[in-house]
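Hi,

Here is the structure I promised to pass on to you. Have a look at it first, and then read on for what turned up.

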Amino acid sequence: MDSDNKITYVDAPDGYSGSGFFATSIDKAIGLARMNSLWPLPFATSCCGIEFMATMAPHYDLARFGMERLSFSPRQSDLLMVMGTISKKMGPILQEVYVQMAEPRWVIAVGACAASGGLFDTYSVLQGIDRVIPVDVYVPGCPPRPEQIINGIIKIQELVHNESGRRRNSPEYKELLATYGIE
Amino acid sequence: MFIINQEIVDLTSEKLRNRFGEDILADEMQMDMPVYTVKKEIIGELLRFLYDDETLKYCFLTTLCGIHYPESNQPFGVIYHLHSLENNQRIRIKTFTTLEDIAIPSATAVFAAANWMEREAYDFYGILFTGHPNLKRILNVEDMDYFPMRKEYPLEDGTREDKHDEFFGR
């Protein structure tokens with residue numbers, strides 16, 4: 001009975017605790033909350049999307065990482081998951097979806113095509129989504145197995161957990177977005 | 001492989017010869033269906049003739065595509081596949097032209113389905129279909145300034161930086 005109902009809690013961040021109070025920095029508290037409640041926006045265009053479906057399904061169960069709810073509205077999502085070949089014609093649309101997402105936002109490029117164009121080294125295919133939007137984590141594979149996608153998600157969670165609250169206001173970040181022509 | 005209805009094939013050849021004479025440049029049987037190579041000027045009239053004929057009834061345009069044979073003296077072509085649904089007989093029509101004279105009459109007046117197929121042939125080969133109502137790119141990005149399926153461009157994307165020659169044995 002006990003073992004079946006075991007619930008694992010996330011460890012509390014470093015801080016000072018005494019009777020009736022617990023003090024930590026707001027960055028750590030926010031990072032903890034964000035990393036365990038990411039809302040992904042799936043942008044699945046081909047076979048990597050099928051692997052993503054397997055990742056979401058009960059066998060691999062991405063919901064274990066606080067991603068129970070996929071958001072199909074860019075406004076309400078934190079993590080853009082690009083899975084599949086992006087043609088040059090679709091590049092501006094992908095960038096528009098990224099621009100519509102509210103800060104803070106993260107991007108994961110799943111599979112060889114999203115990361116580099118993959119085997120489609122041709123006139124019509126975007127040679128990696130980092131030509132139109134900044135990417136946080138690349139997951140290699142053609143297509144990657146669900147374990148690899150989960151590994152990418154864990155890497156994203158580490159980034160989210162440790163991100164400084166001021167990063168999105170920094171000149172470096174604004175400069176990065178400016179290189180992609182994003183305000 | 002398609003079934004060949006020899007009676008209809010013979011009738012088609014005969015009617016085309018009688019109607020268009022020297023404008024039919026070649027008439028041959030290839031594997032599974034007859035192929036007629038014709039002058040490009042008569043293509044609209046020929047499709048209309050085959051469509052309207054009371055026995056032949058080639059009333060279905062299966063496909064239409066462009067082609068580029070760079071070594072040929074008439075390198076650009078358009079190929080039409082027609083299907084007579086009533087006789088269950090298919091034929092191919094081919095027509096060729098040069099880069100300098102790349103305009104080919106549109107088939108949209110006979111087959112509405114030719115609209116998007118001709119746009120595709122324009123998109124990839126730059127074949128100009130005269131009389132087409134809306135000849136613009138259909139699949140590629142609108143601001144593309146070349147015709148990618150012409151056999152004059154490298155196969156690989158020139159913007160890619162991670163492919164080093166040493167890894168590809170060249």
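In this predicted model, chain A holds an open sheet of four strands in the order β3-β4-β5-β6, paired in parallel. At its edges stand β3 (40-44) and β6 (137-139) of chain A; each has a single partner strand, so one side of each is left without a neighbour in the sheet. From one strand to the next, the twist averages 15 degrees.

If you zoom in on one pair of that sheet, strand β5 (residues 106-110) of chain A is joined to β6(A) by three bridges, in the parallel sense. One pair of bridge partners here is A:Ile108 and A:Val137, the latter in β6(A). Helix α5 (residues 146-162) of chain A lies across β4 (79-83), β5 and β6 of that chain, and its direction makes an angle of about 160 degrees with β5(A).

Over in chain B, strand β2 (residues 33-38) is worth a look. With strand β1 (residues 24-30) of chain B, β2(B) runs antiparallel, and six bridges join the two. The hairpin they form has two residues between the strands, and B:Met31 takes a positive phi near 55 degrees there. With strand β5 (residues 89-97) of chain B, on the other hand, β2(B) pairs in the parallel sense over four bridges.

Happy to hear what you make of it.

Best wishes

Note on methods. Residues are numbered from 1 along each chain as its sequence is written. Chains are lettered from A and ligands numbered from 1 in the order in which they are written. This is a predicted model: local features need pLDDT of at least 70, side-chain atom pairs count only at pLDDT 80 or more; totals for chains, interfaces and linings use all residues. Two strands pair if DSSP finds at least two bridges between them. Axes are lines fitted to C-alpha atoms, for helices over the stretch in contact, and angles run from 0 to 180 degrees between N-to-C directions. Two residues are in contact if their C-beta atoms, placed from the backbone, lie within 7 Å.
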